[in-house]
Amino acid sequence: MPEPLPETAAVCIGEAMIMLAGGPGPLADVEVFRRSVGGAECNVAGGLAALGVPTAWISRLGDDGFGQHVLRDLEKRGVDVGGVEVDAVRPTALYVKESEDGRSRMHYYRTGSAAAAMDPEFLDRPAVSDRLKQARLVHTTGITAAISESSAQMLERLATEPRSFLLSVDLNWRPVLWRDKDPAPLWRLLKAADIVLIGADEAEVFAGTANPDELYERLGARTLVLKDDAHTAMVLEPDGRTEVPALSVDVVETVGAGDAFAAGFLTGTLQGLPMVQRLRLGHLTAAAVLTAPEDHAPPPAPEVRERLLNCTDEEWAATKIGPA
């Protein structure tokens, strides 16, 4: 049976953005855009809440219509947003998805955003510190370490001061955000984390290797989750490793799948599930997003999750997920 969860079991810290998705074709020709909410940490927060984990998302938003929409969207999805600070001057960030020839390209407009003004003192706000004190797990990503020097300093403080929660960090390596910047703060954050999630492809670029043993030694996290998106996910811990193959999926859109995997894996961690089931839950939630056009999607129904978390390896390998 899953372990009982406290009032605020998980806290996610990072930037939310408004996503504007155009129809097929170059941006110059698109006349109508569809609005939704994106951003790695708020995607994970929504995914955790959808799986029944009491979750708070902590950040800063502009005092604008986009910021109001983010708050309404996350509240509707069951996420606590009481720790969000509204900025009267800086705007809510946004990005535009361009779809052409079956491929998606992202255009980001986040420089000078409200979230980029997060700093070490932000953690002292009562609405923030109270939620951190309650949390069993705090999740962030390398994106938050990259959006500004002050936000990187905030995460360094979060990682190095005494804490009662597990710290989870998804690398989410974005070379453009680190252009002309020293990635040393990100390395320190990863080495201080209890759980590190990293994709094999980004590991090659960021660390120069996707070899599991080399990465585990270099990163120093107690639990390393290494994802090869199309094939498998592996966990390395001091007492060994566990590997679970990915499901066969009819992919509609890949954006957000990594965040969904993190939400599933972290839910299983908070519930004290066996490692194989944690990885399976990550694959299941990622598959739900891979078969949807948005950055997030509802997880499979509880009865489907229960059946697949407990099925045989042969039944798991024979499972195929398609669009709802």
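This is a predicted model: local features need pLDDT of at least 70, side-chain atom pairs count only at pLDDT 80 or more; totals for chains, interfaces and linings use all residues.
1. The side chains of Arg131 and Asp80 meet in a salt bridge, at 2.7 Å from N to O. Arg131 belongs to helix α3 (residues 126–134) and Asp80 to the loop between α2 (65–76) and β6 (85–87), so the contact ties together parts that are 51 residues apart in sequence.

2. Next comes Asp124, which forms a salt bridge with Arg157; their closest N and O atoms are 2.7 Å apart. Here the link runs from the loop between β8 and α3, where Asp124 sits, to helix α5 (residues 149–160), which holds Arg157, and the two are 33 residues apart. Both partners are partly exposed, Asp124 with a relative accessible area of 45% and Arg157 with 21%.

3. Asp213 and Arg241 form another salt bridge, with 2.5 Å between the closest N and O atoms. Asp213 is partly exposed at 47% relative accessible area, and Arg241 counts as partly exposed at 45%.

4. How many salt bridges does a search of the whole structure find? The search gives 15.

5. Now the largest pocket, which holds about 1,400 Å³ of space. Its lining counts 48 residues, and those closest to the centre are Asn172, Arg174, Thr254, Val255 and Gly256. Elements giving two or more residues to the lining include α1 (40–50), β8 (103–109), α9 (257–270) and α10 (275–290). By type, the lining divides into 25 nonpolar, 11 polar and 12 charged residues.

6. Finally, a word on α1, one of the elements that contribute to that lining. Is this helix mostly covered or mostly open? Mostly covered: nine of its 11 residues are buried. Among the buried ones are Glu41, Cys42, Asn43, Val44 and Leu48. After α1 comes Gly52, and its phi is positive, near 90°.

Conventions. Residues are numbered from 1 along each chain as its sequence is written. Side-chain values use heavy atoms; hydrogens and water are left out. On a 1 Å grid over the protein atoms alone, a cavity is a set of points where a 1.4 Å probe fits but cannot get out, and a pocket is an open set with protein on both sides within 12 Å along at least five of seven lines; lining residues have an atom within 4 Å of a point. Grid points are joined across faces, edges and corners, and a volume is the space filled by probe spheres set on the points. Helices (H or I, at least four residues) and strands (E, at least two) are DSSP runs, numbered from the N terminus. Ala, Val, Leu, Ile, Met, Phe, Trp, Tyr, Cys and Pro count as nonpolar, Asp, Glu, Lys and Arg as charged, and the others, Gly among them, as polar. Buried means under 20% relative accessible area, exposed over 50%, partly exposed in between (1.4 Å probe, protein chains only). A salt bridge is a side-chain nitrogen of Lys or Arg within 4 Å of a carboxyl oxygen of Asp or Glu.
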